[in-house]
Amino acid sequence: MANLNLTLKVWRQENAQAQGRIETYKAKNIPDEASFLEMLDIVNEELVHEGKEPIVFDHDCREGICGMCSLTINGVPHGGKKVTTCQLHMRQFKDGDTIWIEPFRAQAFPLLRDLMVDRTALDNIIAAGGFVDIRTGSAPNANNMPVRKKTADAAFDAAACVGCGACVASCKNSSAMLFTSAKAAHLNLLPQGQPEKNKRVLAMVRQMDAMGFGNCTNQYECEAACPKGISVDNIAKLNRDYMIACAAEAVGVFS
Amino acid sequence: MNDIITTACKFVTSSIGRKILVALTGACLLLFLVGHLAGNMTIFGGSTWINNYATGLHAMPAWMLMAIRLGLLAILLIHVVLTLVLKLENVNARTHYQKEGTLKATLASRTMVLTGVMIFCFLLFHLWQLTVNGDPHDCYNHIVAAFSNPWCSVFYIVAICCLFMHVRHGLQSVFQTLGLSTRKVRPLYNIVAILFGLVVCGAFISIPVCVMLGIIK
């Protein structure tokens, strides 16, 4: 088992107001079965031993399901291996590699410190309409509420979004369309989401615009960077649903 | 009535609404390209063909010609102004990486504004050269004279290459923005966009090339 020696170019910034800069660190003797975050833990332990400030980064479950970890690795959110940073293993890198580590960048994601950014803007989009108001009860009996298999699959695939924000960070325009469309689609596809479909679409899109995200230019960087494989089909669906919702609002189908 | 106006205002100021307007006007411009190309191809039939075509166009009632021109101008302006506003917002929404990475965004998609501005400048020159200073009765000789200047021909060819880049991303983008795309048909749209671009732009380029090669004289 080979251990890796790496050069890290890490974005350091004390707080939102401070001037950020790239600093270079040596990551020595990193086991290749370590995850990317564990590699940073090792580097941080060394920094603490030397009496320096450790590198601040977001993390939580470390098993790829919470969406808390971020990091733009060599210019690509989560490193572009279709997994979250916590599931990215050092065996993906070679001994002697130089790795650039930066925060998820977007104006809508204000930087808090080093590699940690505030992704509240995504929560605000959910709060605007990414929910079902009615009481849906406990899990229904199987086949009690028929849903086409294809529809159920599409809804489940959309619901796989963990809301990490890699789509925004990878987008050349910092657009949140993939996130918003996935969150809208997984409810809009299912029976429980139907009564509030138009209201939801309008509220979420308008909140997304208000948060200062950019506009989608159909480059599909988001889909390529997404650790959960969310499809840009959801964006096409949101565009469609938005047209329908606007038409419904204009003629007063719902108030 | 109030609801309709309120919603319409919200629609044309929203990100998706403006993108839909850009897609629809873009689609109109693509259709115009096809019509324009079909007319241009009459040059290969000889001077009588294209001169008849040009005089035929001008034979329509003046108000109709003016209405078509104003309509096209309106479509073009909506397309250009909205894209520039959207682009400005996109630039402001982004903060740059020290180390930039790209996964699958095509060169064409990343240079849409650049190729668009090139096409706009070309369009101004093109209108000045062949519409303002043109004579429908002697269209053929005017075109041959224009393309006999190699600089003019090269400029046209470069501009049409920009048009290819623009159309290559634009056409498949129209389907996605209008919500007509799924993962099954998206690769097909991509191929259609490339083929459409190759055929249309190739045919446009064939005219200056043929003039320079002496095939059209």
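**Basis of the description**

Two residues are said to be in contact, or to touch, if their C-beta atoms, placed from the backbone, lie within 7 Å. The structure is a predicted model, in which local features need pLDDT of at least 70 and side-chain atom pairs count only at pLDDT 80 or more, while totals for chains, interfaces and linings use all residues. Residues are numbered from 1 along each chain as its sequence is written, and chains are lettered from A and ligands numbered from 1 in the order in which they are written.

**Overview of chain A**

Chain A contains 8 helices and 7 strands; these are DSSP runs numbered from the N terminus, helices being H or I of at least four residues and strands E of at least two. Its C-alpha atoms occupy a box of roughly 65 × 40 × 30 Å along the principal axes.

Of its 255 residues, 48% count as buried. A residue is buried if 20 or more other C-beta atoms lie within 10 Å of its own, exposed if 12 or fewer, and partly exposed in between. Among the contacts in chain A between residues at least 6 apart in sequence, 71% link residues at least 24 apart.

**The five-stranded sheet**

In chain A, 5 strands make up an open sheet with mixed pairing, in the order β2-β1-β5-β3-β4. The strands β2 and β4 (76–77) of chain A stand at the edges with a single partner strand each, so one side of each has no neighbour in the sheet. Two strands are taken to pair if DSSP finds at least two bridges between them.

Strand β1 (residues 3–12) of chain A pairs with strand β2 (residues 21–31) of chain A in the antiparallel sense over 9 bridges, and A:N3 has A:P31 as its bridge partner in β2(A). With β5 (residues 98–102) of chain A, strand β1(A) pairs in the parallel sense over 4 bridges. Here A:T7 is partnered by A:T98, and A:L8 stands opposite A:I99. Strand β3 (residues 72–73) of chain A joins β5(A) in the antiparallel sense over 2 bridges, with A:T72 opposite A:E102. A further 2 bridges connect β3(A) to β4(A), again antiparallel, and A:I73 stands opposite A:V76 in β4(A).

Helix α1 (residues 36–49) of chain A lies across β1 and β2 of chain A and runs at about 105 degrees to β2(A). The axes are lines fitted to C-alpha atoms, for helices over the stretch in contact, and angles run from 0 to 180 degrees between N-to-C directions.

**A buried phenylalanine**

A:F109 is placed in the loop between β5 and β6 (111–113) of chain A. The residue A:F109 is buried because 25 other C-beta atoms lie within 10 Å. Leaving aside residues up to four places away in sequence, A:F109 touches A:F104, A:V117, A:D118, A:R119, A:A121, A:G165 and A:V168.

**The interface with chain B**

The contact between the chains takes 37 residues from chain B and 44 residues from chain A. On the chain B side, the elements giving two or more residues are α1 (2–13), α2 (15–40), α4 (62–93), α5 (107–110) and α8 (150–177) of chain B. The residues of that side divide into 12 nonpolar, 16 polar and 9 charged. In this count Ala, Val, Leu, Ile, Met, Phe, Trp, Tyr, Cys and Pro are nonpolar, Asp, Glu, Lys and Arg are charged, and the others, Gly among them, are polar.
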